[in-house]
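The following note sets out comments on the structure shown below.

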2 protein chains.
Amino acid sequence: MVVAPCRFMLSLPFIPYKEFKRIQDADIDRFEKLHIISDMCRINALSAVKKAGSGHLGSSFSSIDILVMLYLSEMNIVETGIDNPNRDIFFSSKGHDCPAHYSVLVAAGVIEFDRLLKLRRLGGLDGHPDVKIPGIEANSGSLGMGISKSRGMALAKRLNGYEGRIFVMTGDGELQEGQIWESLQTAVHQKTNNIHVIIDFNKIQTDKPVKEVICLDDIEKKIEFFGWHVERCNGHNFAELDNVLRKFEKVEDKPKLLIADTVKGKGVSFMEGPTALKNGNGLYRWHAGAPSDDDYEAGFTELLDRINDNLNKQRLEELSLEVVEKREKNRVQFKNVAEKVVSAYGEALVELGKEREDIIVLDADLAADCGLRAFEERFPDRFIENGIAEQDMVSMAGGLALQGFLPIVNSFGVFLASRANEQIYANATECTKIIYVCHFAGLIPAGPGKSHQSLRDISLFGALPNCVALEPCNAIETKHALEWCINEAKENCLLRLVISPSPRTITLPGNYDFAFGKGAVLKDGEDAVIFGYGPVMLHEALIASEMLERENFSLKVVNMPWLNRLDETWLEEVVGDIDAIFVIDNHSLVGGFGDCLLNRLTESEKLRIKRFKKFAVEGFPECGTPEEVLRYHRLDGENLVERIKEGTSNLSRTT
Amino acid sequence: MVVAPCRFMLSLPFIPYKEFKRIQDADIDRFEKLHIISDMCRINALSAVKKAGSGHLGSSFSSIDILVMLYLSEMNIVETGIDNPNRDIFFSSKGHDCPAHYSVLVAAGVIEFDRLLKLRRLGGLDGHPDVKIPGIEANSGSLGMGISKSRGMALAKRLNGYEGRIFVMTGDGELQEGQIWESLQTAVHQKTNNIHVIIDFNKIQTDKPVKEVICLDDIEKKIEFFGWHVERCNGHNFAELDNVLRKFEKVEDKPKLLIADTVKGKGVSFMEGPTALKNGNGLYRWHAGAPSDDDYEAGFTELLDRINDNLNKQRLEELSLEVVEKREKNRVQFKNVAEKVVSAYGEALVELGKEREDIIVLDADLAADCGLRAFEERFPDRFIENGIAEQDMVSMAGGLALQGFLPIVNSFGVFLASRANEQIYANATECTKIIYVCHFAGLIPAGPGKSHQSLRDISLFGALPNCVALEPCNAIETKHALEWCINEAKENCLLRLVISPSPRTITLPGNYDFAFGKGAVLKDGEDAVIFGYGPVMLHEALIASEMLERENFSLKVVNMPWLNRLDETWLEEVVGDIDAIFVIDNHSLVGGFGDCLLNRLTESEKLRIKRFKKFAVEGFPECGTPEEVLRYHRLDGENLVERIKEGTSNLSRTT
C-alpha cells in the first residue's frame with residue numbers, strides 16, 4: 001500500500017514488525033533481502049525522527065546497512081537471546097545513530113515496535129543509547145569512549161571463557177578524539193583481539209567534511225601502524241561487508257578494524273553527502289533535527305518507492321504500513337516570540353571581535369549550534385576549528401592566553417566542562433584569562449538525553465579558585481555578560497548558555513544595571529523569594545509565582561546571573577524580611593548555584609537563620625519533551641507551587 | 001676543590017653561577033663545553049633533590065643534555081631576554097624533569113642560584129614547573145598537554161608576527177596519553193609548523209620499561225603517518241642534536257619532532273636505565289624520591305670526578321663548590337610509628353581479591369604509589385596495567401562492569417577525577433558499580449605542587465547521583481571502607497586515600513562501628529565541634545583541640561569518613577547542644593565535604609540555626625613542606641585554634 005502524499009494532511013506511517021518478519025522469511029537472495037530491510041529500517045528511522053521532532057538522520061542512514069548486516073545476518077543474538085553471556089555484542093560509540101539502531105532492533109524483534117513511536121519521549125527510547133533499553137549494550141553520545149569500553153567487554157569474555165565477538169561502531173570525525181588513540185594502542189598491547197571496530201566512514205562530521213575540519217589523512221595506514229588488522233570496503237555493499245567479516249574470522253593475532261566507506265544520509269537522494277553539501281553551499285544540513293513536512297514526504301516517498309520496486313522485482317507483495325499519526329501539514333508553528341540567547345551571544349561576539357583584536361574563538365565541531373558562524377565568517381583568522389578534540393582545544397587556548405590572547409572556548413557544557421576538565425584546571429593554575437562558554441547548559445532540551453544535558457558544569461568549575469560563573473536570562477543580559485567577561489573580568493569565566501529558544505522572553509526591570517554579584521527582581525513578592533537564572537527555570541519560577549498569586553501567596557522572583565559571586569549587601573536587601581528562601585537550579589542538586597547561595601546565606605548574620613530549600617535536578621536527567629521532563633523532575637511551575645507551599649506551610653505569613 | 005666524602009657528616013655542595021660563567025666563557029670545543037656544563041647541571045639537580053628530600057632524578061638526567069643544548073647553544077633567550085616576544089620558547093610537557101630544567105636555567109643566568117636551594121619549598125621552586133618562576137613558559141606536571149599548548153603559542157606568534165621557535169619536550173610514556181594524538185593530528189591540519197617537539201625517549205616510565213607497560217611499537221612511523229617531520233638521534237650527543245636542529249631549520253612545511261634516544265638516569269652509572277632495571281629486578285627505582293645519603297655521595301662523586309677529569313683535559317681549573325648544608329650522615333630518621341593508609345589498602349585489596357573473583361584492579365602507571373604491587377603479583381590476570389591513559393582505563397572499567405565484573409580503578413585523584421571525568425560520568429549513567437580510588441588526595445604532600453595535589457576530586461564526583469564518597473582516617477578504617485565499597489555498596493564509590501605516612505595514627509574509639517553515614521567522636525568536647533576526615537586534617541584538628549584544652553575550651557573532634565552521605569539522627573546526636581560547628585576539609589573550599597555537611601545541617605530543624613564555618617584550602621594549593629603549606633593555608637593546629645576562637649568569640653560558653 002502506497003501512502004499517497006496529501007496536500008493538507010501529513011501522515012506518519014511506520015513499518016510494523018510483522019512486515020519485517022515477512023521479508024526475513026521470504027525465500028529471496030540474502031543480500032537483496034538485507035538491502036530491502038535496510039530501506040525499511042530507514043523509513044522507520046525517518047518517521048521516528050519526524051515524530052520526535054529531532055534526531056540524527058545523516059549518520060543513521062550511513063550506518064544502517066552495517067547494522068542490518070550485523071543484526072540480521074552476522075551476530076548470534078537473535079538465536080542466543082540478548083541476555084546470553086555467549087552472545088555477540090554490538091554497540092555504537094558515536095550513539096547519535098540510534099534512530100537507525102533502534103529501527104534495526106525493532107526489525108530484529110529485540111525492541112517492541114511501539115517503543116519506536118516514543119523516540120525521545122519520557123519512558124520511550126532515549127535520544128542517545130541507554131542500557132535500560134533492550135539490546136543496548138552501552139551508553140553513548142559523547143564521543144571516543146567506545147573502543148575502550150569494548151576492551152573491557154572483550155577482557156570480560158576472555159576471563160569468563162564466554163563466546164561471542166565484540167563489534168563497536170565509531171564515526172570518522174570521532175577519530176579526532178584522543179581517547180580513540182589510547183584505546184587503539186592499548187588494545188594491541190593487551191591483545192584484546194576479539195574486538196571488531198567498524199568505522200562508519202561517511203566523511204562528514206557535524207556539518208562539514210572531516211577533511212576540512214581536521215583531516216585524518218591516511219587513516220588506514222595510521223591504524224595499521226597502531227598494530228590493528230585493517231580492512232576497507234563499501235559500507236553499503238552487503239557482499240563486501242560479508243567478505244570482510246569472513247576475513248576477520250581468520251585473524252586471531254590482532255584486533256580488527258573495518259573502514260566502511262559510507263555516504264552520510266545514504267538512501268534519500270537529497271540527504272546524501274556530496275549532493276547535500278553542494279546544495280548547502282558546503283554545509284551539510286541533515287546531521288541533526290527533523291526534516292520539514294515536505295522533505296519528510298519526499299524522503300519517505302523515495303524510500304517507499306524503492307522498496308516496493310524491489311519487492312516487485314522479487315515478486316513479493318508491496319509493503320503494508322501503519323499510519324500512527326496524522327497532522328495538519330505545514331501548519332503555522334507557534335510563533336516564536338521568545339529569543340535564543342545563543343543568537344544574542346553570536347551577535348555580541350562579532351561586535352566585540354571588532355573592538356578587541358586579541359579575541360580568538362575556538363570551536364570543537366559545534367560552530368553552528370554555538371552561534372559561531374558569523375564570527376567565523378567575519379574573522380576567519382581568529383576562529384579556530386579544532387574538531388572533536390576538546391582537550392587539545394582547551395590546552396591550545398592555554399598557550400594562546402600565555403602569549404597574550406583572549407581565547408573564548410566553545411562547546412556543549414557536558415563535553416567542555418567534563419572532557420577537558422584537567423586541561424581547564426591546568427590553564428587556571430597559570431592565572432591567565434580564558435572564557436569558557438558552556439552551551440546546551442541545563443536540563444532542556446531533554447530529547448538528546450543524559451550524554452548531552454549539562455547538569456554538572458557549575459560543580460566541575462566550582463572548585464577553581466579563579467573562575468567566575470555566569471548564566472544570562474535573555475538576549476540583553478547575554479550581551480552584558482559577554483561584555484563583562486571580555487572587558488571587565490580579571491579571572492577566567494564560565495559562561496553558561498541554554499541552547500533552545502527561551503520559553504518566554506524574560507523581561508528585566510527598566511532600571512536594571514548589570515553589576516558584579518547582583519541580580520534583578522523580576523516579580524515582587526513578600527511571602528517567599530525564589531532565586532533562579534537563565535530563561536528555562538526563571539520561566540517556571542514566574543509561572544509558579546503567577547499561580548501562587550491567585551492563591552494570595554506572593555512569591556518574589558529574582559534573576560541571579562552570577563552563579564558563584566554574590567554581593568552580600570544586595571542579597572540581604574533583596575531577601576529583606578522574607579523568611580523562606582528558595583532556589584531553582586538548572587543543574588544537579590549538588591554543586592550548583594544553590595550551594596553557593598547557601599554558603600553566602602550562612603555567612604550573613606541576617607540571613608543565616610532563614611529557611612532555605614533547593615530545587616534542582618535529582619538523579620540523572622530524564623529524556624523527553626521539555627514539559628515531560630520538567631514535570632518528571634518536579635521543576636515545572638505547577639510542581640514548584642506545591643513544593644513552595646510545602647516549604648512554607650509551617651511559617652506564619654507575617655513573621 | 002673536591003669535597004671529600006666524610007664518614008659522619010653529609011655535605012650538600014652546589015655549583016654556583018660564577019662557575020658556569022667561567023666554563024661558558026672558556027675557549028674550548030663547543031660540544032665539550034656543553035658536556036661539562038650538563039654534568040655540572042646534573043650535580044645541581046642532584047643536590048637540589050637531595051636537599052628537597054624529593055624530586056625526579058631519572059628523567060632530569062635523561063633530558064638534561066637536550067636542555068643544555070637548547071638553552072646554552074641553540075635558543076635566543078639569553079640574548080633577547082626572557083620577556084622578549086621574539087624569544088624562542090621552551091617548556092617541558094612532562095614537567096617532572098624540572099630539577100634539570102631549573103638547574104639549566106640557573107646555568108643560563110635566568111634563575112637566581114639561591115632559588116635552587118629552595119626546591120619544593122614555600123616561595124622557592126615548585127615541584128613541577130610554574131609560570132611564576134622566571135624562564136618557565138607553561139605549567140605542567142600532568143601529562144599530555146604540552147603539544148596542544150605549543151600549538152596555541154605557535155599560532156600566537158604567527159598572528160602577532162613575532163619571531164622565535166617553540167620547543168616542547170615530552171616523555172615517551174607520555175605518548176600513551178590520547179591528547180598527544182589529538183595535538184599531533186591538529187598541528188598538521190592547522191599548519192602550526194613552528195613547533196619542535198623533542199621526545200625524551202628514555203624508554204622507562206614510572207618504574208617499568210615503556211614496552212612492558214603499553215608498548216609504543218614503531219613510534220617513528222606512527223608520528224610520520226600523522227604528518228610530522230620526524231628525526232631520531234642520540235639525545236646525549238651534542239653533535240647529533242645540533243645536526244638535527246640544523247635539519248629542522250630547512251623544514252618549513254611540517255611541524256617537527258625529534259625522538260631523542262636517551263638513558264633514564266644518564267650520568268650516574270647506577271641510576272642509568274639498563275643497569276638500574278637489572279639491579280631493581282625489573283623495576284626502576286630512581287624515577288622519583290631523593291637518594292639515600294650514601295647513594296647521593298656516590299652519585300655526586302662520580303659526577304664531580306668526571307667533570308674535573310674533563311676540566312683537566314681542557315687545562316681548566318677544577319670546580320669550586322659551595323657547600324650549602326652539612327648534616328649528620330645516615331642519621332636515624334624520626335621513627336615512623338604512623339601508618340600509611342595506602343599500605344592498608346594494598347593489603348586489604350589482596351585479602352578481598354581472594355574472596356571476590358569478580359574484582360579487577362586497574363592502574364595507570366602508578367602501581368607502586370597506589371599500593372597495587374601485591375595484588376598484581378598475586379592476581380596477575382585480574383590486574384590491568386593501562387599505562388598513562390586514564391580515559392581509556394575508566395571506559396575499559398565501564399565495559400568490565402557492564403559484563404558483570406567489579407572494577408577498582410586507581411590513579412592519583414588529580415588525574416583520575418579530572419582527566420577521566422566524562423568517562424566516569426558516562427559509566428555512572430549505566431548504573432553499574434565501579435570503585436574509583438583517588439590516591440594522593442588532598443593538600444599533603446605539597447612538594448610536587450598543584451598539578452598533583454588533589455583538592456577538587458570531591459567536587460568533581462559530587463554531582464554524580466549514584467556515587468558514595470569516603471575517606472578513611474587510618475589503617476583499620478581503610479580496610480572497613482574498602483570492604484564496604486566492595487561488599488556492601490550498591491552504587492559507585494569514590495575512595496580517597498592520602499599517600500604519605502599519617503602524621504599520627506588516628507585512634508578510633510573502642511566501640512566504633514563502621515556504619516553507613518555515621519562517623520566517630522575522636523575527642524569529646526562541649527564548646528564547639530569540628531568535623532574532619534583522613535589522617536592529615538584530623539591530626540591538625542586534634543592538635544587544635546589539645547591546644548584549646550589548655551585554654552579551657554573544649555573542642556569536640558569528629559571523624560566523618562562518609563563525605564556525601566550523612567545520617568541525620570547521628571548528626572543531631574553528635575552535635576547535641578553545641579552551638580558552633582566547624583569542618584576542616586582536605587579539599588577546596590567549594591564542593592567538598594563541608595558543603596555536604598552544610599546542606600544536611602540546613603535540612604535539620606535542630607541544627608539549621610547553629611553557627612557553621614568551613615576551613616578548607618582557599619586559592620590554589622601552595623608547594624612546600626607539610627608544615628609550611630598547612631600554615632600558609634591556615635589549616636595547621638595553631639591557626640585552627642585562632643580561627644575557632646574567632647568563630648566562637650560572640651557565643652557565650654553555655655548557651
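**Aromatic contacts and nonpolar cores**

1. In this predicted model, Arg382(B) is placed over the face of Phe379(B), 4.5 Å from the ring centre. A further charge over a ring is that of Lys222(B), which lies over the face of Phe226(A) at 4.2 Å from the ring centre. Phe226(A) also belongs to one aromatic cluster with Trp181(A), Trp181(B) and Phe226(B).

2. As to confidence, chain A has a mean pLDDT of 96, with 97% of its residues at 70 or more. For the complex, the predictor gives an ipTM of 0.97 and a pTM of 0.97.

3. The largest nonpolar core comprises 247 residues, and Phe531(A), Phe531(B) and Leu597(B) have the most contacts inside it. A second, separate core of 74 residues includes Ala26(A), Ala100(A), Val244(A) and Phe300(A). Beyond its neighbours within four places in sequence, Phe531(A) contacts residues including Val558(A), Trp570(A), Ile581(A), Phe593(A) and Leu597(A).

4. Over all chains, 38 aromatic pairs are found. One of them, Phe375(A) with Phe379(A), is tilted, at 4.9 Å centre to centre and 50° between the planes. Both Phe375(A) and Phe379(A) are buried.

5. Trp484(A) and Trp562(A) form an edge-to-face pair, with 4.8 Å between centres and 85° between the planes. This pair links distant parts of the chain, 78 residues apart: Trp484(A) is in helix α20 (residues 475–488), and Trp562(A) is in the loop between β16 (555–559) and α22 (568–575). Trp484(A) counts as buried because its relative accessibility is 13%, and Trp562(A) counts as buried because its relative accessibility is 0%.

Key: Residues are numbered from 1 along each chain as its sequence is written. Chains are lettered from A and ligands numbered from 1 in the order in which they are written. This is a predicted model: local features need pLDDT of at least 70, side-chain atom pairs count only at pLDDT 80 or more; totals for chains, interfaces and linings use all residues. Side-chain values use heavy atoms; hydrogens and water are left out. A nonpolar core is a set of buried Ala, Val, Leu, Ile, Met, Phe, Trp, Tyr and Cys residues joined through side-chain atoms within 4.5 Å. Buried means under 20% relative accessible area, exposed over 50%, partly exposed in between (1.4 Å probe, protein chains only). Contact means heavy atoms within 4.5 Å. pLDDT is the predictor's confidence in each residue, from 0 to 100. Rings of Phe, Tyr and Trp (its six-membered ring) pair if their centres lie within 6.5 Å; planes under 30 degrees apart count as stacked, over 60 as edge-to-face and the rest as tilted. Helices (H or I, at least four residues) and strands (E, at least two) are DSSP runs, numbered from the N terminus. A charge sits over a ring if NZ of Lys or CZ of Arg is within 6 Å of the ring centre and within 35 degrees of the ring normal.
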